[in-house]
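The following paragraphs lead through a single protein chain, from individual side chains to the overall architecture. Please keep the sequence and the coordinates in view while reading.

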Amino acid sequence: ALAVYDQATFRSERLALGAGDRLFVFTDGMTDAINADEEQFGEQRLAEAVRASCGLASQVFIRQVLATVDEFSGGAPQFDDITALAVTIGGRPCGLPAAPGT
């Protein structure tokens, strides 16, 4: 964890990822992004953007999710960074079947 406050507590867990699983991490600037009405993008909109883009390759997935945040914000100035990372473990994301011939 980076840039956390001194009193923060953490727990350690393990998670096995398999073919088609995707790890998606992002900064709070993504959910805290605001539009001209100062309405936040929020977790619900982010979850919807992730679901709508889940079948895409990681690089395209990130671009699509960030584009959704940008579209929501409508060019309003942001007060925090918006950073994200997606890693897809082999296979097709979201449990989609492999494309014919692959």
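Phe-41 is buried, with a relative accessible area of 2%. The model is a predicted one, and in it the ring of Phe-41 pairs with the ring of Phe-72. The centres of these two rings lie 5.4 Å apart and their planes meet at 65°, so the arrangement is edge-to-face, a class that requires an angle over 60 degrees. Phe-72 also counts as buried, at 16% relative accessibility, because the limit for that class is under 20%. The pair links distant parts of the chain: Phe-41 belongs to the loop between α1 and α2, whereas Phe-72 belongs to helix α3, 31 residues away.

With a relative accessible area of 11%, Asn-35 is buried.

Most residues other than glycine have a negative phi. Glu-38, although not a glycine, has a positive phi of about 60°. Is Glu-38 buried or exposed? Its relative accessible area is 65%, so Glu-38 is exposed, the threshold for that class being over 50%.

Side chains of opposite charge can pair when their charged atoms come close. The structure holds two salt bridges. In the other, the side chains of Arg-11 and Glu-13 meet with an N to O distance of 2.4 Å. Here the accessibility values place both residues in the exposed class, with 72% for Arg-11 and 56% for Glu-13.

The discussion now returns to the aromatic rings. How many aromatic pairs does the count come to? The count comes to three. In one of them, Phe-24 and Phe-61 have ring centres 5.2 Å apart and planes at 85°, so this pair is edge-to-face. Phe-24 lies in strand β1 and Phe-61 in helix α3 (residues 58-73), so the pair ties together parts that are 37 residues apart in sequence. Phe-61 is buried, with a relative accessible area of 1%, and Phe-24 counts as buried at 18%. Ring pairs extend this group to a cluster of Phe-24, Phe-26 and Phe-61.

A nonpolar patch of about 590 Å² is made by Leu-15, Leu-17, Leu-23, Val-25, Leu-85, Val-87 and Ile-89. Strands β1 (22-26) and β2 (84-88) each supply at least two residues of this patch. Strand β1 therefore contributes residues to the nonpolar patch and also holds Phe-24, the partner of Phe-61 in helix α3. Leu-15 has its place in the segment before β1, and at 71% relative accessibility Leu-15 counts as exposed.

The chain has three helices and two strands, which follow the pattern β-α-α-α-β along the sequence. Buried residues make up 25% of the 102 residues. Among contacts with a separation of 6 or more, 71% involve residues 24 or more positions apart. The pairs Phe-41 with Phe-72 and Phe-24 with Phe-61 join parts of the chain that are 31 and 37 residues apart, respectively.

Terms used: Residues numbered from 1 in each chain as written. Predicted model: local features only at pLDDT ≥ 70, side-chain atom pairs only at ≥ 80, totals over all residues. Heavy atoms only, no water. Buried < 20%, exposed > 50% of the residue type's maximum accessible area, 1.4 Å probe, protein only. Patch = residues over 30% accessible without salt bridge, like charges linked within 9 Å, V, L, I, M, F, W, Y side chains within 5 Å. Areas by Shrake-Rupley, 256 points an atom, 1.4 Å probe, with all protein chains shown as cover. Salt bridge = Lys/Arg side-chain N within 4 Å of Asp/Glu carboxyl O. Helix = DSSP H or I, 4+ residues; strand = E, 2+ residues; numbered from the N terminus. Phe/Tyr/Trp six-rings, centres within 6.5 Å; stacked < 30°, edge-to-face > 60°. Contact = heavy atoms within 4.5 Å.
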